[in-house]
Amino acid sequence: MKKGFLFCIFKYEIQLYLGLNSIKQNIKTEVLRQLQLKIKDISNAITLLTDSRDADTKSSAGDKHETSRAKIQTEIDQHYKQLINAQNQKNCLSNIDTKHIHSKADVGSLIKTDKGFFFISTGWGRIQILDENYFVISIESPIGRLLKNKKKGDSIQFRNTAYDILGVS
């Protein structure tokens, strides 16, 4: 037997062993970890920018000084928006019960399609667990809206590609 074929069988057996709920928990844990890092990075950037703005003493340039402070404040404001967004994502994800089994696709569902896996929670993108790709999407995303309320055996059409739903948990 070929090495790749055995690996695929082994990977499938691991997924069965872990169960889809455990996979959902692993996805949730990983995205929460990444969100926490993002929140920390944004908070550090805000602190550095605030220190820079506050340390900027009045110079003889006058207007140039105020323009510099205004630009820094604009950056701080943008970082605060990113921080609030990341904190909202974290709260949304934290409230998902990964043990709940869904019969139809909704927030907290893991959907297995013939093209891959989708975890409906917060818009995060692709993550990899046990060499398998999972797309962490929001229910409000274009594909999330198409998947909502779908069940095993249904299909959707997204960007000229058909997706057959093989399972929902």
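Colleague: Why is the charged end of Lys 115 said to sit over the ring of Tyr 163?

Modeller: The charged end is 5.9 Å from the ring centre. The rule asks for NZ of Lys or CZ of Arg within 6 Å of the centre and within 35 degrees of the ring normal. So Lys 115 counts as sitting over Tyr 163.

Colleague: What are these values based on?

Modeller: This is a predicted model: local features need pLDDT of at least 70, side-chain atom pairs count only at pLDDT 80 or more, and totals for chains, interfaces and linings use all residues. Residues are numbered from 1 along each chain as its sequence is written, and side-chain values use heavy atoms, leaving out hydrogens and water.

Colleague: What does Thr 113 touch?

Modeller: Phe 118, Tyr 163, Asp 164, Ile 165 and Leu 166, not counting residues up to four places away in sequence. Touching means heavy atoms within 4.5 Å.

Colleague: What makes the pair of Phe 117 and Tyr 134 tilted?

Modeller: A search of the whole structure finds three aromatic pairs. In this one, the rings are 5.0 Å centre to centre, with 40° between the planes. Rings of Phe, Tyr and Trp (its six-membered ring) pair if their centres lie within 6.5 Å; under 30 degrees is stacked, over 60 edge-to-face, the rest tilted. So Phe 117 and Tyr 134 pair, and are tilted. Both are buried.

Colleague: Which parts does that pair tie together?

Modeller: Phe 117 lies in strand E2 (residues 116-121) and Tyr 134 in strand E4 (residues 132-138), so the pair ties parts 17 residues apart in sequence.

Colleague: How do you know that E5 and E6 pair?

Modeller: Pairing takes at least two DSSP bridges. Four bridges join E5 to strand E6 (residues 161-168), so they pair. They run antiparallel. Ser 155 has Asp 164 in E6 as its bridge partner.

Colleague: Where do these strands stand in the sheet?

Modeller: The open sheet of six strands has the order E3-E4-E2-E1-E6-E5, with mixed pairing. Strands E3 (125-129) and E5 (155-158) are the edges, each pairing on one side only.

How values were computed:
Helix = DSSP H or I, 4+ residues; strand = E, 2+ residues; numbered from the N terminus. Buried < 20%, exposed > 50% of the residue type's maximum accessible area, 1.4 Å probe, protein only.
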